[in-house]
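Thanks for coming. I will go through one structure today, starting with the whole chain and then moving to a few local regions.

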Amino acid sequence: MLEKMEEFDSERVVEEFEAITKDAGKVQREALKKILEQNASAEYLQNLGLNGRTDPEGFKACVPLVTHEELEPYILRIVDGDPSPILTGKPITTISLSSGTTQGKQKFIPFNEELMESTMQIYRTSFAFRNREFPIGNGKALQLIYSSKQFKTKGGLAAGTATTNVFRNSKFKRTMKAMQSQSCSPDEVIFGPDFHQSLYCHLLCGLIFRDEVQFVTSTFAHSIIHAFITFEQVWEELCTDIRYGVLSSKITFPPIRTAMSKLLKPNPELADLIHRKCTGLSNWYRLIPELFPNAKYIYGILTGSMEPYLKKLRHYAGELPLLSADYGSSEGWIGANVNPHLPPELATFAVLPNIGFFEFIPLRDNIENQDHNGMESSFLCVEPEPVGLTEVKIGEEYEIVLTNFAGLYRYRLGDAVKVVGFHNSTPELKFVCRRNLLLSINIDKNTEKDLQLAVEAAAMLLGEEKLDVVDYSSHVDSSTDPGHYVIFWEINGEASEDVLKECCNCLDRSFIDAGYVSSRKVKTIGALELRVLRRGTFQKILDHYLKLGAAVSQFKTPRCVGPTNNLVLQILRANVVKSYFSTAF
Ligand code: AMP
């Protein structure tokens, strides 16, 4: 295990990964055995009558598949301070809060040292592979990371977003240092209480250390884009700070001011250089390599709900490669990107078989249960049995079921993935979508991915006017009869009426799921509505989540806003400037 900086050895990490993936089935059995032995005294497992069995067959026979909702009563007892072994043998002392962007409700999830260790294992594994193909020099990383507020639960447990729990752990810093990926920014900036102040200072630190920056990173692509959009607005102020060595008065948090004053010295040459670079760019194209001439790549989660930001990211990145980060969730990590050269659209994640016990519910059967008109037959609700990690088949889609070292047993993660290959005997997964993000009125079913494709097709029409969709969301409006889809767009300028009407029609035509098309034809689903939002609406939504304690580092724009997410819906509705109904059908 890596503990000290000097000990990082890429080759050894790769060898370890090769070893655990050679016989992934055996490693899975061992991982399950270890989880069940460590937690044998947990009330949850005791009640299920495992009676000491630790084999996958016994485990599957005794332990039911669960959703977060079903585990919530147990988790809430932990959160409220019940010290007895409820889900784990050793008491849980830290809680992760999910971002809440999927269902509008933040979830409490147990966190412990084993999850921390598997996080570091994932980071080390993908770094070892990445560094073979894209070696970085000795330097720093512009890490656009932020901590959320940490608080104590009623029962006295520390709670914060999963990324916050990771960033605050000393192992994180040690591992980053070992991987020559320390942040340019001092801790005071990462852990500052105000995201806007932290972002400004991250940018400033990046500029101060511009020659040392080896790569630019954040957890999700959204925060990288957000940072450089902000840069476009504040670059002159940043130059002034650098020129005079005086931090802008808008940074008010004293610990940040103190920490920054140690780094910021008057540097008119640097200020002039950055000024020249910025004024010389055409529409900020290649901004990142211009600012950071030694950066080798941009790194973050770029897949799934981050794909819509790739176009903008490529604009800022120019020729710099975009490397996809690993796949995981607050509940635990799943796979590492060991093929870093693949573009984000093709990125895959090799499951680490020792960090949990993984099962996969086949999703193809669900599709086979549809008749030729796309109508679901009644036996759709009989869900197929999950299969094991090494039993999955290439080309098939599955929902992931996770058993981890922190008290989740046969937990349905809700993500759909596709198996695209194997690394030794462990599957390589492609992220497909979050299953529960569906636009559905009657027999239609559209996922986040379907929405993304429709938006991409329609947004092409904006290209004629050199405009882009900054961000988007959607909603099923059932207050009309029949109900209809509403798509919200924030655009980076004024599009003409004709183009927007055409975009609206194109959106409607681009949902090609048979259930939607047939319902539209017989008018059991009403005309799709495109609502154009005021500039800055998605910033308001981000601010709304931050107030609730979410972290920018983990923020994912809610792509489908249901009734449980009333406040976001209110923000969207209050900021509509124009609306169009499709005439496509
Ligand atoms: P959270 O628990 O708030 O961090 O969100 C976890 C969710 O983010 C996962 O369940 C996925 O839906 C999504 N996610 C995480 N990593 C990736 C990835 N590499 N690609 C696509 N989606 C991801």
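Of the 585 residues in the protein, 57% are buried. Keep in mind throughout that this is a predicted model. The accessible surface comes to about 23800 Å², and carbon and sulfur atoms hold 54% of that.

On overall dimensions, the C-alpha atoms fill a box of roughly 70 × 65 × 45 Å along the principal axes. The radius of gyration is 24 Å, which agrees with the value near 25 Å that a compact globule of 585 residues would have. As for contacts, take those with a sequence separation of 6 or more: 72% of them join residues 24 or more positions apart. The secondary structure comes to 21 helices and 20 strands.

Now the sheets. I will begin with the one that contains E1.

Four strands make up an open sheet with mixed pairing, and their order is E2-E1-E5-E4. Which strands stand at the edges? They are E2, residues 108-111, and E4, residues 151-152; each has a single partner strand, so one side of each is left without a neighbour in the sheet. Helix H5, residues 68-79, packs on this sheet and touches E1 and E2. The direction of H5 makes about 65° with that of E2. Within the sheet, E1, residues 94-97, pairs with E2 in the antiparallel sense over 4 bridges, and Ser96 stands opposite Ile109 in E2.

Next, strand E6, which spans residues 213-220. This strand is mostly covered, with 8 of its 8 residues buried. E6 pairs with E3, residues 140-143, in the parallel sense over 4 bridges; there, Leu142 has Val216 in E6 as its bridge partner. E6 is also joined by 4 bridges to E7, residues 297-301, and those two strands run parallel. In that pairing, Phe215 stands opposite Tyr297.

Ser126 lies in helix H6, residues 113-133. Is Ser126 buried or exposed? Its relative accessibility is 1%, so Ser126 counts as buried, the cut-off being under 20%. Leaving aside residues up to four places away in sequence, Ser126 touches Tyr299, Asp326, Ala336 and Asn337. Ser126 and Phe17 are 109 residues apart in sequence, and their C-alpha atoms are 9.9 Å apart in space.

An unreviewed UniProt entry lists residues 449-561 as "domain: GH3 C-terminal". In the model, that span is 42% helix and 19% strand, and its end C-alpha atoms lie 15 Å apart.

The strand to look at here is E18, residues 484-491. All 8 of its 8 residues are buried, so E18 is largely enclosed by the rest of the structure. Which residues point which way from E18? His484, Val486, Phe488 and Glu490 point one way, while Tyr485, Ile487, Trp489 and Ile491 point the other way, and all are buried.

With E17, residues 469-477, the pairing is antiparallel over 8 bridges, and a hairpin through 6 residues joins E17 to E18. Val469 has Ile491 in E18 as its bridge partner. With E19, residues 529-533, E18 pairs in the parallel sense over 5 bridges, and Val486 has Glu529 in E19 as its bridge partner.

That is what I have; I will take questions.

Note on methods
Residues numbered from 1 in each chain as written. Predicted model: local features only at pLDDT ≥ 70, side-chain atom pairs only at ≥ 80, totals over all residues. Heavy atoms only, no water. Pairing = 2+ DSSP bridges. Contact = heavy atoms within 4.5 Å. Axes fitted to C-alpha atoms, helices over the stretch in contact; angles between N-to-C directions. UniProt positions renumbered as here; feature names shortened; annotations may be inferred. Rg over C-alpha atoms; globule rule 2.2 N^0.38 Å. Buried < 20%, exposed > 50% of the residue type's maximum accessible area, 1.4 Å probe, protein only. Areas by Shrake-Rupley, 256 points an atom, 1.4 Å probe, with all protein chains shown as cover.
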